[in-house]
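Open the structure in a viewer and keep the selection tool at hand. The stops below are given in the order in which to select them.

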There are 2 protein chains.
Amino acid sequence: MDALARADSPGLENLGRSDCFALLRSVPIGRIVFTEAALPAIQPVNFVLDGDDVIIRTGMGSKLAAATRSAVVAFEADEYDEDALTGWSVVLVGRAEAVVDEAERRELATLGLTPWALGERPHYIRIRPEIVRGRRIRRPAAL
Amino acid sequence: MDALARADSPGLENLGRSDCFALLRSVPIGRIVFTEAALPAIQPVNFVLDGDDVIIRTGMGSKLAAATRSAVVAFEADEYDEDALTGWSVVLVGRAEAVVDEAERRELATLGLTPWALGERPHYIRIRPEIVRGRRIRRPAAL
């Protein structure tokens with residue numbers, strides 16, 4: 001057992017901010033991470049980007065809407081190829097805010113964000129990222 | 001705008017515990033959700049199940065090892081089909097514990113948990129789920 005194990009591993013590459021947003025734009029589903037009743041919580045959501053902000057929709061009375069009200073949340077998206085042992089993950093951290101301005105809501109309605117589940121989802125949440133981190137994993141060809 | 005929007009949506013089906021574990025066994029990657037410097041944090045990991053416990057490996061000095069030391073964490077896995085608008089997500093919540101017993105570590109070494117990234121990862125973490133929740137999303141055929 002090696003007590004000098006490192007936090008960073010060979011085969012893990014840190015991604016720049018523009019790469020992170022390009023990757024985010026390539027997938028429809030991410031995961032919002034928040035606190036619910038003092039416990040860590042996570043929920044997959046479909047999303048779009050509005051500039052660098054993540055926009056999601058939810059039901060007005062949903063737990064997600066309640067738990068993320070002006071809270072600092074994380075948002076993650078990733079993609080993996082099990083056969084090639086490659087993949088990437090991007091994590092944003094920032095404050096979630098309900099979008100209440102009607103003009104802004106009309107703008108967001110044009111972004112093509114259609115929830116996969118049915119039911120009324122009139123509530124828009126905007127996450128303004130303050131921290132942006134991405135990593136790509138690529139197992140060296142030699143192994 | 002409908003102020004009476006529901007937390008549960010048509011097309012979302014809650015899954016039973018055995019279905020949740022069967023789905024978890026079908027994927028190699030999950031995401032561990034924890035708190036780091038008072039902020040929500042999430043990190044993809046590959047994992048195996050040991051009974052109903054989630055087992056992951058990490059570097060001894062890693063942030064993940066430090067942040068999850070006897071902490072309550074969430075663990076999530078999911079799978080989505082973008083074309084069919086279907087998918088599932090399973091979330092466990094429980095206490096994470098470092099596995100320090102040598103006999104237990106030798107047992108876990110037989111489970112075939114090979115980290116995708118290289119580097120020494122001698123540290124096993126066991127998550128004992130106390131809460132198990134799963135949802136399947138399936139857009140009704142009529143739409």
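Predicted model: local features only at pLDDT ≥ 70, side-chain atom pairs only at ≥ 80, totals over all residues.

Residues are numbered from 1 along each chain as its sequence is written, chains are lettered from A and ligands numbered from 1 in the order in which they are written, and side-chain values use heavy atoms, with hydrogens and water left out.

**Stop 1: chain A.** Select A:Leu24, A:Ile32 and A:Phe75, which have the most contacts inside the largest nonpolar core, a set of 27 residues. Such a core consists of buried Ala, Val, Leu, Ile, Met, Phe, Trp, Tyr and Cys residues joined through side-chain atoms within 4.5 Å; buried means under 20% relative accessible area (1.4 Å probe, protein chains only). Elements giving two or more residues to this core include helix 1 (17-24) and strand 5 (72-81) of chain A. Helices (H or I, at least four residues) and strands (E, at least two) are DSSP runs, numbered from the N terminus.

**Stop 2: chain B.** Select strand 4 (residues 53-58) of chain B: 5 of its 6 residues are buried, so the strand is largely enclosed by the rest of the structure. Strand 3 (residues 39-50) of chain B pairs with strand 4 in the antiparallel sense over 4 bridges; pairing requires at least two DSSP bridges. B:Leu49 has B:Val54 as its bridge partner. In the hairpin's turn, B:Gly51 has a positive phi of about 65°. Strand 4 of chain B also pairs with strand 7 (residues 123-138) of chain B, antiparallel over 5 bridges, where B:Arg57 is partnered by B:Tyr124.

Terms used
Buried < 20%, exposed > 50% of the residue type's maximum accessible area, 1.4 Å probe, protein only.
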